[in-house]
Structures are given as structure tokens and as C-alpha cells.
Amino acid sequence: MGRFYITTPIYYVNDAPHVGSAYCTVNADALARWHRLAGDDVKFLTGTDEHGQKIADTAERNGQSPQAWVDHIAPRFLDAWRNLNISNDDFIRTTEPRHFQTVQAFLTTIYENGYIYKDVYEGLYCVSCEDYYTLEASDEGKCPIHGRLLTQMQEENWFFRLSAFEERLLAYYDEHPDFVTPETRRNEARSFIKGGLKDISITRTSISWGIPVPWDERHVFYVWYDALINYLTAIGYGRDDDEVERWWPDSHHLVGKEILRFHCVWWPAMCMAAGLAPVHHVQVTGWLLVGGKKLGKTMDADAPVKVTDLSPSSLSAEFGVDPLRYYLLRETILGNDGEFSLEGITARYNTDLANNLGNLVARVVSVVSSKCEGVGPAPDASSNLRVTAERVVEGVQRAWENFAPSVALETTWELIGATNAYLEEHAPWKMESGPEVARVMGDALEAIRLVTIMISPAMPSVATEIWRRIGLSGVPTSGPFASCARWGLYPGGARVVKADALFPRIVESE
Ligand code: MSP
């Protein structure tokens with residue numbers, strides 16, 4: 001049994017979550033669920049990033065104190081994730097006392113290790129990114145991501161000696177080829193380091209909404225410096241060394257491509273400066289796009305849909321929670337960008353879910369009801385479907401382990417397709433009741449049992465419902481996968497349950 005500690009980025013609470021934030025959370029959730037199914041000891045963390053100028057400004061614009069504002073928005077993330085059936089084990093808010101404690105302990109260690117010093121900082125700043133830009137890296141003085149005018153800042157700050165870590169980081173990358181995936185992102189991080197690292201300003205005096213610097217209380221930590229440390233807060237850094245030792249060696253961060261530099265350059269250097277090994281693995285994700293542009297709060301007014309229409313709750317009300325999860329996981333290869341569209345989700349729903357999966361379950365339950373007196377027969381050990389099933393099970397396992405939910409689902413659908421083809425070939429609905437029908441239906445039920453287990457990380461509620469319909473007791477997620485995904489475990493004698501269509505077709509409006 002292994003261990004698996006997975007985290008999402010913590011989300012800014014300047015607004016309620018949209019489907020772009022849901023994208024990362026749903027992927028992390030499916031991976032966490034897969035590892036639980038595989039029998040691993042899992043910890044899944046998500047949360048909210050509540051400090052910094054952006055939040056302070058948003059609160060002010062809304063006529064509220066920063067604390068009142070974050071207390072108002074954070075529950076909307078909790079609600080959104082509950083609605084999407086997200087199985088996080090912890091939810092961190094950076095305004096919690098436990099986080100103050102860890103941040104102060106971690107940064108004091110770096111300070112005492114001699115990697116923090118005082119200097120004056122001057123530069124162009126984007127409040128939306130909470131990041132500095134050089135004039136060259138800007139888009140003629142505007143933020144290359146948000147298109148907003150950058151502001152000139154000058155402050156006396158404490159600095160982190162990032163420049164001292166160039167060699168160590170490069171050596172670390174060489175020794176750990178899988179530290180950052182996909183490889184293109186690894187190369188991007190490496191070339192960033194190779195291009196030379198400048199020290200970074202890690203405190204602010206211009207705002208007070210942040211975590212105080214323990215050795216100089218006029219300063220608060222710069223929001224990114226506070227935020228990155230959340231991954232250690234949740235496993236008890238500075239409070240419970242055993243927990244850190246337990247989880248940190250098997251830690252995985254899922255992060256969007258625009259925050260690669262923070263996670264793949266700064267963060268490992270900070271850990272090294274504190275005398276801690278860097279996170280085990282960073283999986284970089286791409287963006288969901290609408291009309292070719294990043295789906296988000298700063299989306300163009302002329303985008304084909306409004307971001308407010310893309311709230312996870314309105315989409316799940318329209319399509320169902322599991323179909324939305326399925327679409328987010330299946331449509332885009334983790335690491336690539338992918339276009340999000342209502343036509344796209346409708347097409348996946350109608351084809352993969354209604355026509356393929358839903359139809360398969362419906363026709364098997366119906367034939368078992370009419371030709372086998374409603375009682376599912378046992379599968380045949382030498383079934384033709386078995387070969388496909390075993391290949392699929394192996395491929396699915398590999399894909400989930402490689403952080404490739406889309407491939408895992410695509411592969412699972414090969415077994416759905418093969419089972420539908422098997423039924424077409426034998427046409428049990430045309431046969432007389434008897435051993436031949438029983439053989440075909442036992443095999444089909446076994447294939448559905450395997451499919452149900454394999455889809456459970458993506459569509460937990462649908463999986464539970466199919467499990468019930470094919471007459472099985474317990475839950476499809478009890479695992480461990482290696483033993484429950486062997487061919488032949490569908491027990492003959494289970495009574496199947498007829499019910500409404502799992503995925504009623506969506507009729508597209510003209
Ligand atoms: N607060 C920082 C992260 C700190 S982690 C120590 C932050 N927050 S964010 O709310 O702006 O973004 C959080 C995550 O959501 C990022 O990984 C980002 O890539 C992701 N997404 C936001 N919009 C997205 C899409 N349109 N598509 C996919 N992911 C998106 O950055």
C-alpha cells in the first residue's frame with residue numbers, strides 16, 4: 001500500500017469559483033479517488049488563498065473589511081466543492097491560525113539559515129497576478145495575462161536569496177527527471193532557472209492584510225510566499241513532524257501553467273532553504289479556454305458565453321454533477337489546454353454517456369429481466385470479452401497512475417464499446433432463454449462491473465447507481481483495485497434493478 005498526498009492550488013477569494021477552478025479540483029479529486037480505490041493511504045487538500053493586495057482591494061471595492069469579505073466568499077468554494085462531490089480530506093484557509101503558525105515557523109527557519117535579507121525593491125506590479133514584471137516581460141507596460149496596466153511599486157522589503165539556488169535547482173531537476181510533468185513544462189522550468197534567478201522580495205509594508213513577519217512586525221509576507229506554504233500547514237509543519245514525514249515524500253501538486261514558476265522554481269528553492277526536500281512531484285495543467293482564451297473572471301465581454309453562466313453549480317444543474325465531472329476529465333488531456341463549450345459537453349453527454357454507457361446498462365438490465373428472470377448469471381472464465389477487459393484494466397491502471405484521467409476514461413470506454421459490440425454480435429434479445437443467453441449476459445454484466453469500478457473516480461454517484469442496478473451490494477469503490485478488477489467476480493444470482501434512463505438524451509435546441 002502506498003501513500004498519496006495531492007493538493008490543488010488554493011484559490012483566490014476575489015470571486016466565487018468558476019468552471020476553470022472546478023477543472024483543477026475535479027482532476028485532483030478523481031486522482032485522489034483513484035488512489036483510494038487502488039488501496040493507497042490518501043490525503044487530498046484544497047483551500048483558499050485569502051491574503052494579498054488583490055483580496056484587500058476587492059474587499060474595499062465591496063465596502064467590506066478583508067476578513068468579512070473572505071469569510072463571505074470562502075464558504076462559496078466549500079459549497080461548490082460539496083456540490084461537485086469533491087472528496088477533499090482537508091480545506092485550508094490561509095487566514096487560519098494554524099497557517100500563521102506554519103508560515104512563521106518555516107520562514108523563520110529560512111531567515112535563520114541566512115537566505116533572507118533587507119533591500120529596496122522597485123518594479124512594475126500586476127495586482128491580478130500578485131506578481132512583478134520587468135518592462136521587457138510586460139506587454140508594453142500591461143500585464144501579459146490580464147491585459148491591465150501594471151503599477152510602479154517601490155518598497156523596502158525583505159528578500160529571499162533565490163539566486164543562491166540556481167545550481168542546486170538544476171542538479172535537483174537532473175536527479176529527478178519526473179519532478180515536473182509534462183516534460184514540456186519541466187523544460188520550461190529548467191530553462192527559466194538556466195536563464196538566471198534574481199532574488200525575490202517576500203514582504204510588503206504597503207499593505208497590512210497578510211501574515212506578520214515575526215522578526216520585523218512592520219512587514220507582512222508577500223501573498224505568494226504565504227500561499228505556497230499552505231501545502232505544509234495542512235500536514236502540520238512546525239506542529240507535528242511525524243505528519244510531515246508521513247506525507248511529504250509522497251506529495252503531488254496540481255498547478256495551472258501560469259503558476260509554474262512559483263511552484264517549480266521558487267517553491268523547491270524555499271524548501272531547500274528551509275532544509276526540507278522539495279515536493280515530490282508537480283503536475284502542471286493547462287487552461288480551459290472559451291473561444292481560444294482562458295476562461296476566467298477577466299474574460300472578454302465578447303466571449304461566446306459569460307463566465308457567470310459557467311458556474312459549476314449552474315452547469316451541474318443543467319447536465320448533472322457526474323456528467324460535468326466526466327466532461328472536465330475526459331475532454332482535455334491533463335497538461336494541455338482545452339476548449340470548453342456547451343456544445344462539447346452536450347456531445348460528450350449524448351455520445352459517451354447516453355449512447356454508450358447508459359445504453360449498455362439499460363439493454364443488459366432489460367435482457368436479464370426478460371430472458372433471465374431478472375437474475376444476473378455468472379460470467380464465463382473463457383469469454384472473448386475477457387481479453388479486452390484485462391487489457392483495458394491494465395491500461396486504465398497505468399493511465400490513472402500517470403496522472404492521465406482522460407486516457408483512463410478513453411480506455412475504459414473501449415470496454416464499453418467492446419461490450420456493446422459483443423451484444424450486437426450475439427443479439428441475446430433475439431435468443432430463447434437458456435444457457436446461451438445466460439453466458440452472454442453473465443459476460444456483459446461482468447464487463448459492466450469492471451467498467452463501474454473504473455469510472456468510479458470520475459463519476460462516483462453514477463458508479464454507485466450502476467452497481468445497484470446490476471444487483472451488487474456494497475460499493476464499487478471498496479477496492480483494492482488489483483484484486484477487485486480481476487475478471488470473473490460478478491456473482492451469479494444477483495437480482496438486477498430496472499430503472500429510468502441513467503442519462504436521458506439532451507435534445508439540442510436549434
Ligand atoms: N492563489 C493562487 C494559487 C496559490 S497556490 C499556492 C492562484 N489562484 S487562482 O484562483 O487564480 O487559480 C487557481 C488555479 O485555478 C490555477 O491553477 C489556475 O490555473 C486554475 N484556473 C483558473 N482558471 C482556469 C482555467 N480557465 N482553466 C484551468 N484552470 C484554471 O493562482
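**Interface between domain 1 and domain 2**

In the predicted model, about 1,300 Å² is buried between domain 1 and domain 2, with carbon and sulfur atoms accounting for 74% of this area. On the domain 1 side, the residues that lose the most area to domain 2 are Leu31, Trp34 and Leu37, which together contribute 52% of what that side buries. The two domains span residues 3-308 (domain 1) and 344-495 (domain 2), and their centres, taken over C-alpha atoms, are separated by 41 Å.

In terms of residues, the contact involves 15 residues of domain 1 and 15 residues of domain 2. Polar interactions across this boundary were also examined. Between the two domains, two residue pairs are in polar contact, both at pLDDT 80 or more.

The side of domain 1 that touches domain 2 draws at least two residues from each of four elements, namely the strands β1 (3-7), β13 (251-256) and β14 (281-285) and the helix α1 (19-38). Of the elements on this side, α1 provides the largest share, with seven residues. By residue class, the side of domain 1 that touches domain 2 consists of eight nonpolar, six polar and one charged residue.

Notes. Residues are numbered from 1 along each chain as its sequence is written. This is a predicted model: local features need pLDDT of at least 70, side-chain atom pairs count only at pLDDT 80 or more; totals for chains, interfaces and linings use all residues. Side-chain values use heavy atoms; hydrogens and water are left out. Domain bounds come from an automatic or database domain assignment. Contact means heavy atoms within 4.5 Å. Buried area is the accessible area (1.4 Å probe) that two parts lose on being put together, summed over both. A polar contact is a pair of N or O atoms within 3.5 Å; within protein, one must be able to donate a hydrogen and the other to accept it, and residues adjacent in sequence count only if both atoms are side-chain atoms. Ala, Val, Leu, Ile, Met, Phe, Trp, Tyr, Cys and Pro count as nonpolar, Asp, Glu, Lys and Arg as charged, and the others, Gly among them, as polar.
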